[in-house]
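I opened this structure to look up a few packing details. My notes follow.

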Amino acid sequence: MKLPLRLAINGYGRIGRCVLRALQESALKDSFLVVAINEPADLATMAYLTQFDSTHGVFPGQVERAGNDLIVNGRNIRVSHSRDPDGVDWAGLGIDMLLECSGQYGSRTQIQKFLDAGCPRVLVSHPGNSAADVDYTVVYGINEQGLEGSERIVSNASCTTNAIVPVLAELDEEFGVVHAFLTTLHSVMNDQPMIDGYHHTDLRRTRSAMQSIIPVETGLAQGVERLLPQLHGKVQAKAIRVPILNVSAIDLMVKLGRDVSVQDINALMMEATNRYPGLMSYSFHPHASVDFNHNAHSAIVDGSQTRTNGDGFANLFVWFDNEWGFANRMLDVAKAWSDRISDTGR
């Protein structure tokens with residue numbers, strides 16, 4: 001019987017804590033063992049925010065602490081508080097994979113420091129600065145079969161890329177995508193302040209997150225093209241932060257290769273849910289964003305919002321829980337990667 005993969009988490013913020021919580025609810029629970037967390041915050045606060053979460057509720061289990069350990073459902077997790085990749089004895093912890101969830105390390109040079117400090121391999125919770133900064137980028141359900149097991153740095157892409165790539169892949173295969181324009185309506189993030197303040201070089205992000213709808217920069221178009229190279233030069237994107245805690249959406253405007261009806265598109269999206277079980281979902285109910293809080297799918301197509309306007313123009317609306325769905329994909333990718341790592345490679 002294959003032993004559980006020994007995981008460490010670097011950065012115990014929104015995604016890091018969601019990964020730990022998701023593991024408790026996942027069918028993959030017995031495939032992993034979280035043995036270490038590195039987070040600059042103090043252990044008491046870490047334990048408290050693990051147990052009580054304003055978005056995902058009270059932790060469905062026991063959370064305790066003792067000495068330098070966080071204890072989750074009776075299992076000890078060694079906690080360190082380094083702000084530097086090489087400030088932790090990763091080799092001494094005997095880990096198989098590090099989940100880098102701080103979002104602070106985007107270049108290969110920065111991520112390499114974890115490898116140099118004893119991490120055998122690193123799964124990062126963002127796209128990296130570029131495709132060249134990682135060995136492989138995965139959108140689970142699309143290209144995880146391309147993992148070879150020899151990679152040292154793998155990217156889990158972004159929550160928005162995970163949401164829209166399966167939808168665009170289906171549209172392109174069935175109808176052909178001539179052009180696509182993506183507008184992400186994203187819940188607030190920690191690079192925004194609660195009140196106006198000196199918080200970011202992007203001046204819009206100095207404004208109060210909870211008082212305004214705020215346009216921000218996005219690399220979503222480049223992320224899509226990395227996964228779907230046939231759409232290179234065909235995708236544009238913009239992002240708007242909206243004052244809610246969680247759940248986001250993508251408004252997709254697309255020019256297809258032929259005229260289609262609303263029924264054509266919705267039928268395709270419903271069929272796609274069978275091809276991407278647990279990853280894509282479809283609904284025709286009159287939804288609000290809160291309906292998708294704690295939803296583990298990468299994307300939920302809202303068929304009630306599908307529109308067409310002749311000449312191949314179509315508009316789709318895709319919901320996603322930007323925290324919970326993405327955290328579950330981190331686990332899926334970790335499992336897919338580990339399955340390709342030989343016993344000698346561990």
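**Entry 1: a loop residue**

I started with Leu245, which touches Thr55, Ser187 and Val188, leaving aside residues up to four places away in sequence. I keep in mind that this is a predicted model. Where does Leu245 sit? I found Leu245 in the loop between strand S14 (235-242) and strand S15 (248-256). I also checked Leu245 against Pro166, 79 residues apart along the chain. Their C-alpha atoms are separated by 25 Å.

**Entry 2: H4 and H5**

Next I looked up helix H4 (residues 159-174) and helix H5 (residues 220-227). They pack at an angle of about 50°, and their axes are 10 Å apart. That angle makes H4 oblique to H5. I noted the crossing of H4 and H5 as right-handed.

Which residues meet here? From H4 I listed Thr160, Thr161, Ile164, Val165 and Leu168. From H5 I listed Leu220, Gly223, Val224 and Leu227. I sorted the residues of this contact by class: six are nonpolar, three are polar and none is charged.

**Entry 3: H1 and H7**

I then turned to helix H1 (residues 14-25) and helix H7 (residues 324-339). Their axes come within 8 Å and cross at roughly 70°. H1 and H7 are therefore roughly perpendicular to each other, since 65 to 115 degrees counts as such. The crossing of H1 and H7 is right-handed.

I wrote down both sides of the contact. H1 brings Ile15, Cys18, Val19, Arg21, Ala22, Leu23 and Glu25. H7 brings Trp324, Phe326, Ala327, Asn328, Met330 and Leu331. How do the residues of this contact divide by class? I have ten nonpolar, one polar and two charged for H1 with H7.

**Entry 4: a pocket**

Last, I looked up the second largest pocket. About 240 Å³ of space lies in it. How many residues line this pocket? I have 13 in the lining. Gln24, Lys29, Phe32, Leu33 and Arg75 lie nearest the centre of the pocket.

I also asked which elements supply the lining of the second largest pocket. H1, strand S2 (32-38) and strand S7 (75-80) each give at least two residues. By class, I have eight nonpolar, two polar and three charged residues in the lining.

I close on H1, which comes up in two entries: H1 meets H7, and H1 also supplies residues to the lining of the second largest pocket.

Technical notes:
Residues are numbered from 1 along each chain as its sequence is written. This is a predicted model: local features need pLDDT of at least 70, side-chain atom pairs count only at pLDDT 80 or more; totals for chains, interfaces and linings use all residues. Side-chain values use heavy atoms; hydrogens and water are left out. Axes are lines fitted to C-alpha atoms, for helices over the stretch in contact, and angles run from 0 to 180 degrees between N-to-C directions. Helices (H or I, at least four residues) and strands (E, at least two) are DSSP runs, numbered from the N terminus. Angles under 35 degrees count as roughly parallel, over 145 as roughly antiparallel, 65 to 115 as roughly perpendicular and the rest as oblique. A crossing is left-handed if the near helix is turned anticlockwise from the far one by less than a right angle, and right-handed if clockwise. Contact means heavy atoms within 4.5 Å. Ala, Val, Leu, Ile, Met, Phe, Trp, Tyr, Cys and Pro count as nonpolar, Asp, Glu, Lys and Arg as charged, and the others, Gly among them, as polar. On a 1 Å grid over the protein atoms alone, a cavity is a set of points where a 1.4 Å probe fits but cannot get out, and a pocket is an open set with protein on both sides within 12 Å along at least five of seven lines; lining residues have an atom within 4 Å of a point. Grid points are joined across faces, edges and corners, and a volume is the space filled by probe spheres set on the points.
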